[in-house]
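Subject: Structure handover

Hello,

Here is the structure I said I would pass on. My notes on it follow below.

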Amino acid sequence: QVRLIMKAHSFIRENVPRVLSSVKDKSSTVAVPRISQYLYFLFAPTLIYRDHYPRNPTIRWGYVATKFAQVLGSLFYAYYIFVRLCIPQFQNSAQEPFSLRGLVLCIFNSILPGVLIFFLVFFAFLHCWLNAFAEMLRFADRMFYK
């Protein structure tokens, strides 16, 4: 939802001055974007609204399949991390009476799996998922990290 709020803010910030200037000049045409431009912006992996973006001529479906396979592989790896590192830790702590020492040990034993899951989410969503959708939308400007 934060992403959608940021996109709505960018859309409003780019288009309100155009509309206000055309109203101030009392021109007969108001430069509002089309629905298709807004929908493309909602799905494109960018937070800056423009009426037109650079586009690739074709879609590389092999690249899209590779990125979705990497997302699927990341999900299986996250499942493996939970099954091997998280679930046994919390099953053991559930059988013992509550103690501060046990809580601290459980938290410290969960740090490594938590960091691994964080990196997997970063890789799966920000790299694989958004690059796959950028390729399907033929979005040519893919400098996410610059």
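A salt bridge here is a side-chain nitrogen of Lys or Arg within 4 Å of a carboxyl oxygen of Asp or Glu. By that rule, the side chains of Glu135 and Arg60 form one, at 3.1 Å from N to O. Please keep in mind that this is a predicted model.

Glu135 counts as buried, at 0% relative accessibility, whereas Arg60 is partly exposed, with a relative accessible area of 45%. Arg60 has a second contact to note: its charged end sits over the ring of Tyr63, 4.5 Å from the ring centre.

Salt bridges

The whole structure was searched, and three salt bridges were found. Besides the one above, Glu14 and Arg50 meet through their side chains at 3.4 Å, N to O. Glu14 lies in helix H1 and Arg50 in the loop between H2 and H3, so this pair ties together parts that are 36 residues apart in sequence. Glu14 is partly exposed, with a relative accessible area of 33%, and Arg50 is partly exposed too, at 39%.

Asp51 and Arg18 also meet in a salt bridge, at 2.7 Å, N to O. That pair runs from the loop between H2 and H3, where Asp51 is, to helix H1, where Arg18 is, across 33 residues. Asp51 is partly exposed at 26% relative accessibility, and Arg18 is partly exposed at 27%.

Arg34 is found in the loop between H1 and H2. Its C-alpha atom is 8.7 Å from that of Asp51, although the two residues are 17 apart along the chain. Arg34 is exposed, with a relative accessible area of 52%.

Aromatic rings

Nine aromatic pairs turn up in a search of the whole structure. One of them joins Phe11 and Tyr49 edge-to-face, with 5.0 Å between centres and 85° between planes. Phe11 belongs to helix H1 (residues 2–24) and Tyr49 to the loop between helix H2 (35–43) and helix H3 (61–95), so the pair ties together parts that are 38 residues apart in sequence. Tyr49 is buried, with a relative accessible area of 1%. Tyr49 also pairs edge-to-face with Phe41, at 5.1 Å centre to centre and 90° between the planes.

Which residues make up the aromatic cluster around these pairs? Phe11, Tyr38, Phe41 and Tyr49 form one cluster. Lys7 lies over the face of Phe41, 4.5 Å from the ring centre. Phe41 is among the buried residues of H2, together with Gln37, Tyr40 and Leu42. The buried residues of H2 pack against H1.

Domains

The protein is divided into domain 1 (1–53) and domain 2 (55–145). Their C-alpha centres lie 33 Å apart. Six residues from domain 1 and seven residues from domain 2 take part in the contact. Between them the domains bury about 690 Å², 76% of it on carbon and sulfur atoms. On the domain 1 side, Tyr40, Pro45 and Tyr53 supply 75% of the area buried against domain 2, more than any other three residues. How many salt bridges cross the interface of domain 1 and domain 2? The rule finds zero there.

Regards

Note on methods. Residues are numbered from 1 along each chain as its sequence is written. This is a predicted model: local features need pLDDT of at least 70, side-chain atom pairs count only at pLDDT 80 or more; totals for chains, interfaces and linings use all residues. Side-chain values use heavy atoms; hydrogens and water are left out. Rings of Phe, Tyr and Trp (its six-membered ring) pair if their centres lie within 6.5 Å; planes under 30 degrees apart count as stacked, over 60 as edge-to-face and the rest as tilted. Helices (H or I, at least four residues) and strands (E, at least two) are DSSP runs, numbered from the N terminus. Buried means under 20% relative accessible area, exposed over 50%, partly exposed in between (1.4 Å probe, protein chains only). A charge sits over a ring if NZ of Lys or CZ of Arg is within 6 Å of the ring centre and within 35 degrees of the ring normal. Domain bounds come from an automatic or database domain assignment. Contact means heavy atoms within 4.5 Å. Buried area is the accessible area (1.4 Å probe) that two parts lose on being put together, summed over both.
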